[in-house]
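Keep the sequence beside the picture as you read.

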Amino acid sequence: MWFKIDYIKNGKLYSKTLKAKSINEAVKLLKKRDNRAIIRDIKKIEKESLIDEFLTKLDLAKIDFEEYISVIDQLYVMLDAGLGIDTVIDNIKENIKNKKLKKIFFSLANDIRAGLSLSDSVKKFEKDLGTLSTAMVSLGEETGDLARAMHDLSQILSEILENRKRLKKATRYPVFIIFAMMIAFVVVILFVIPPFKSLFASLHTELPLPTRFLLWIEYAFEQYGLYVLAGAVIIFGILTYIYNTSEKARLKMDKFMLKIYIVGPVIKLAMIGRFIFVMQRLIDAGIPIINAVEIALNIVDNRFIYKRLILIKNSIQMGGTVKQGFVESGLFENMIIQMIAAGEESGSLVLMLQKASNYYLSKYRYIVDNIAALIEPVLIAAIAGFVFTLALGIFLPMWNLTEAMQ
């Protein structure tokens, strides 16, 4: 049998799963491992629950971003109404559908009942909820206005989610076209070319280059298709592993991504715009500039851009100005730098950051809204090349056969 034990140690709540014949034996095993543990709750769990816990430890489950924003909104409304944080968490956790998010809020409720602050409890889930969430919760507790902090956090996350949705919507059509072309190509190679194979062989003449190209592809698909597919999966897995484990490789790959047509500008505008937006909202919420920059850096996914933006933080730490850091990063246009300089001199840095954020947001949305138009020439050229190669490969030998018969 398996037992799940919740216990308190050094003022913090922990949970451990043990295999034992009875509850008393499970308690003895825990006390043997750590006699300072104060048991709070113990219960028998089924095999399915154990599997769910194992999957959670593997981090296969993901938090639903939209539901998380909805939960933050509920936190804001209830806290603004004057309810206590323990009551709010208890009410919200029962209605959460996402398993991982539900487990996190159950843990938050247990920690608060054990005497921990919300910020200390949230920090344990910083990897799942993000640095931004932990920073805003800490800010809310420090200022005594947790409801306002949750409201600001909800607005920031909603803006990020809106940009993600806009990008997905804009790329839906091009991705569908590319996917349809790939399917059509595979169908032609596997089902259209083979019937012509014997006909081409009966000509006993040198086939045109397009026909030989199609026959070579058909032969490669037939003989080595599974090996190519397996090789592609293995290469993808190796590249993913290298990307996640090697800082140098990730830096080079992210830098290369910025040079790809359309993809590069979209990534750059999204990362810079998100950085300035979060930085502006955090400073406006009362977080010191250096802390705001540090938190905003943690939501920048592209490593190359991150390395450039970290120069802003270094400049401030060395006693320099925000403008100096923006210049050293080499990512910003002269107009933006002048706006930051004017904001620092006049004491309206937040306002200038907001204008800069709106500028990058408008440019990002313009490119995203016009992705279909920008990528259309590439798609048309690809379709034309596919049809042209197919037509030449099939019809040229047939024309030669007709001429020979005449």
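Helices here are DSSP runs of H or I with at least four residues, and strands are runs of E with at least two, all numbered from the N terminus. The model is predicted: local features need pLDDT of at least 70, side-chain atom pairs count only at pLDDT 80 or more, and totals for chains, interfaces and linings use all residues. Residues are numbered from 1 along each chain as its sequence is written, and side-chain values use heavy atoms, with hydrogens and water left out.

Now look at H12 itself. It covers residues 263-285, which is 23 residues. The expected span of a helix is 1.5 Å times one less than its number of residues. For H12 that gives 33 Å, and the end C-alpha atoms are 33 Å apart, so the two agree. Is H12 mostly covered or mostly open? It is mostly covered, with 19 of its 23 residues buried. Buried means under 20% relative accessible area, exposed means over 50%, and partly exposed lies in between (1.4 Å probe, protein chains only).

Step back to Ile262. This residue sits in the loop between helix H11 (247-257) and H12. Its phi is positive, about 70°, although Ile262 is not a glycine. Ile262 is buried, with a relative accessible area of 12%.

Move on to helix H13, residues 289-297. Its buried residues are Ala292, Val293, Ile295, Ala296 and Leu297. Which helices do they pack against? The buried residues of H13 pack against helix H8 (131-143), H12 and helix H14 (303-317). Contact here means heavy atoms within 4.5 Å. An α-helix has 3.6 residues a turn, so residues three or four places apart point the same way.

Next come the charged pairs. The whole structure holds 15 salt bridges. A salt bridge is a side-chain nitrogen of Lys or Arg within 4 Å of a carboxyl oxygen of Asp or Glu. One of them joins Asp90 and Arg113, at 3.2 Å from N to O. Asp90 lies in helix H4 (residues 85-93) and Arg113 in helix H5 (residues 99-113), so this pair ties together parts that are 23 residues apart in sequence. Asp90 is partly exposed at 27%, and Arg113 is partly exposed at 44%.

Asp111 forms a salt bridge with Lys124, with the closest N and O atoms 2.8 Å apart. Asp111 is in helix H5, while Lys124 is in the loop between helix H6 (118-123) and helix H7 (126-129), 13 residues apart. Which of the two is buried? Asp111 is buried, with a relative accessible area of 0%. Lys124 is partly exposed at 39%.

Arg303 and Glu247 also meet in a salt bridge, 2.7 Å from N to O. Arg303 lies in helix H14 and Glu247 in helix H11, so the pair ties together parts that are 56 residues apart in sequence. Arg303 is partly exposed at 21%, and Glu247 is partly exposed at 37%.

Finish on helix H9, residues 146-201. With seven residues, H9 gives the most to a nonpolar surface patch. The patch is about 670 Å², and its members include Phe179, Ile183, Leu190 and Phe221. Leu190 is in H9 and is partly exposed at 39%.

Methods:
Patch = residues over 30% accessible without salt bridge, like charges linked within 9 Å, V, L, I, M, F, W, Y side chains within 5 Å. Areas by Shrake-Rupley, 256 points an atom, 1.4 Å probe, with all protein chains shown as cover.
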